[in-house]
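This report describes selected features of one structure, moving from annotated segments to a helix and a pocket. The sequence and model are shown below.

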Amino acid sequence: MTAPRTTRQEDPAPTRREQILVVAARLFARHGFHGVSIADLGAAVGVSGPALYRHFPGKEALLEEILVGISERLLAGGRERAGGEPRATLVALVDFHVAFAFREPELIVVQDRDMANLPDEGRRRVRLLQRTYVEIWVETLRQVHPDMSAEAARIAVHGVFGLLNSTPYSTGSGDSDAVGAEVLRRMALVALGVG
């Protein structure tokens, strides 16, 4: 995890490995895991397909790194926002997840569609990270609404995730993204009882 920036800095140029992950996520989102070959991935990043094996042992390893990576980033972001005043924390969690959903919608598509293609260990790891992220939301929601059971809070949180993770299927680009983000943000806050 990187430290938050205190001054405006340029993002460093992505490494070849990071470029491959971004392109792979985009291609997997567009064509599905099984619809993308190693040759397709190589061509999209300007190398031969076999050259990708210098960075990843295969497509499954690429998919695993994409899905584990995003799950780790979501969990880290959730932990960074947790622990403050409960209502403010819940708003910060919603804002964080809305920003993710609009910034990286292809990752939502890949996770929804291609999770089953992960090796068992990778799938277990992603699920554990996801459950831990969900529990941050559940604990915070129960602090805001102390009379809410853990089960009810979990259902509410999963419902909000369904709403926020609908972005790849329900939004456009540009100005409509800003409108969509605000609409989904408000809907999520109302659903959680803090709007």
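Arg 54 is found in the loop that joins helix 2 (38-45) to helix 3; helices here are DSSP runs of H or I with at least four residues, numbered from the N terminus. The model is predicted, so local features require pLDDT of at least 70 and side-chain atom pairs count only at pLDDT 80 or more, while totals for chains, interfaces and linings use all residues. Residues are numbered from 1 along each chain as its sequence is written, and side-chain values use heavy atoms, with hydrogens and water left out.

Arg 54 is exposed, at a relative accessible area of 69%, where exposed means over 50%, buried under 20% and partly exposed in between (1.4 Å probe, protein chains only). Its C-alpha atom is separated by 9.5 Å from that of Arg 17, 37 residues away along the chain. Pro 14, in the segment before helix 1 (16-31), is partly exposed, with a relative accessible area of 46%. Between the C-alpha atoms of Pro 14 and Ile 155, 141 residues apart in sequence, the distance is 38 Å.

Helix 4 (residues 86-103) contains 18 residues and extends 25 Å from first to last C-alpha, close to the expected 26 Å, a figure given by 1.5 Å times one less than the number of residues. Its N-terminal end is capped by Glu 85, which has a side-chain oxygen 3.2 Å from the backbone nitrogen of Arg 87. Buried residues of helix 4 include Leu 93, Phe 96, His 97 and Phe 100.

The second largest pocket holds about 420 Å³ of space. Among its 21 lining residues, Gln 111, Gln 130, Val 134, Phe 161 and Asn 165 are the closest to its centre. A pocket is an open set of points on a 1 Å grid where a 1.4 Å probe fits, with protein on both sides within 12 Å along at least five of seven lines, and lining residues have an atom within 4 Å of a point. Helix 6 provides the largest share of the lining, seven residues. Helix 3 (59-81), helix 4, helix 5 (105-114), helix 6 (120-144) and helix 7 (150-164) each contribute at least two. By type, the lining comprises nine nonpolar, seven polar and five charged residues.

Note on methods. Polar contact = N/O pair within 3.5 Å; in protein donor to acceptor, adjacent residues only side chain to side chain. Points joined across faces, edges and corners; volume = space filled by probe spheres on them. Nonpolar A, V, L, I, M, F, W, Y, C, P; charged D, E, K, R; others polar.
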